[in-house]
Amino acid sequence: MYFSKCLNVIMPQWEKLYESPIGYRAEMVRIALESNNIPTVVLNKKDSSYLFGHFEVYVYHEHVIQALIVMEQSNIE
């Protein structure tokens, strides 16, 4: 929770687009978006010791609609 609040201070213009407990799915989203020239950030919020948590994909707020279209066309869930 604290990290998410810090992220909003550091990167207020970025919005979370996708979340998954599986890392390769977040990377698939990142690759699809970056291949369409959409800047992307993937945050690993998975605990390495206990293996709980998730991966989050963020895009710049101006690219959210375009990113959603790319994800729909790529059949990424």
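Which helix does Val70 lie in?

Mentor: Val70 lies in helix α3, which covers residues 64-73. Before we go on, this is a predicted model, with local features needing pLDDT of at least 70 and side-chain atom pairs counting only at pLDDT 80 or more, while totals for chains, interfaces and linings use all residues. Residues are numbered from 1 along each chain as its sequence is written, and side-chain values use heavy atoms, with hydrogens and water left out. Helices (H or I, at least four residues) and strands (E, at least two) are DSSP runs, numbered from the N terminus.

Now zoom in. Val70 is buried, at a relative accessible area of 7%; here buried means under 20%, exposed means over 50%, and partly exposed is what falls in between (1.4 Å probe, protein chains only). If you skip the neighbours within four places in sequence, Val70 is in contact with Ala32, Leu33, Asn36 and Ile38, where contact means heavy atoms within 4.5 Å. Take Ala32: its C-alpha is 7.3 Å from that of Val70 in space, though the two are 38 residues apart in sequence.

With residues up to four places away not counted, Met71 touches Leu17, Tyr18, Val29, Leu33 and Ile76. Met71 also belongs to the largest nonpolar core, a set of 15 residues in which Leu17, Val29, Leu33, Val59 and Met71 touch the most other members. By nonpolar core I mean buried Ala, Val, Leu, Ile, Met, Phe, Trp, Tyr and Cys residues joined through side-chain atoms within 4.5 Å. At least two residues of this core come from each of β1, α2 (23-34), β3 and α3. As a rule, nonpolar side chains tend to be buried together in soluble globular proteins.

What about the sheet? Three strands make an open, antiparallel sheet in the order β1-β3-β2, and two strands count as paired if DSSP finds at least two bridges between them. β1 (14-20) and β2 (40-44) are at the edges with a single partner strand each, so one side of each has no neighbour in the sheet. On average, neighbouring strands are turned by 25° against each other, ignoring direction. β2 pairs with β3 (residues 55-60) over five bridges, in the antiparallel sense, and Val42 stands opposite Val57 in β3. Back to our helix: α3 packs on this sheet, touching β1 and β3, and its direction makes about 25° with that of β1. Axes here are lines fitted to C-alpha atoms, for helices over the stretch in contact, with angles running from 0 to 180 degrees between N-to-C directions.

A search of the whole structure turns up five salt bridges, each one a side-chain nitrogen of Lys or Arg within 4 Å of a carboxyl oxygen of Asp or Glu. Lys16 and Glu56 make one of them, at 3.5 Å from N to O. That pair ties together distant parts of the chain, with Lys16 in strand β1 and Glu56 in strand β3, 40 residues apart. Lys16 is partly exposed at 43% relative accessible area, whereas Glu56 is buried at 3%.

Arg30 meets Glu27, three residues away in α2 and about one turn of the helix, with the closest N and O atoms 2.7 Å apart. Arg30 also bridges to Glu34 at 2.9 Å, four residues along in α2. Arg30 is partly exposed at 24%, as are Glu27 at 31% and Glu34 at 35%. Elsewhere, salt bridges with shared partners join Lys16, Glu19, Lys45 and Glu56 into one network.

Stepping all the way back, the protein chain has three helices and three strands, running α-β-α-β-β-α from the N terminus on. Of its 77 residues, 30% are buried, and Val70 is one of the buried ones.
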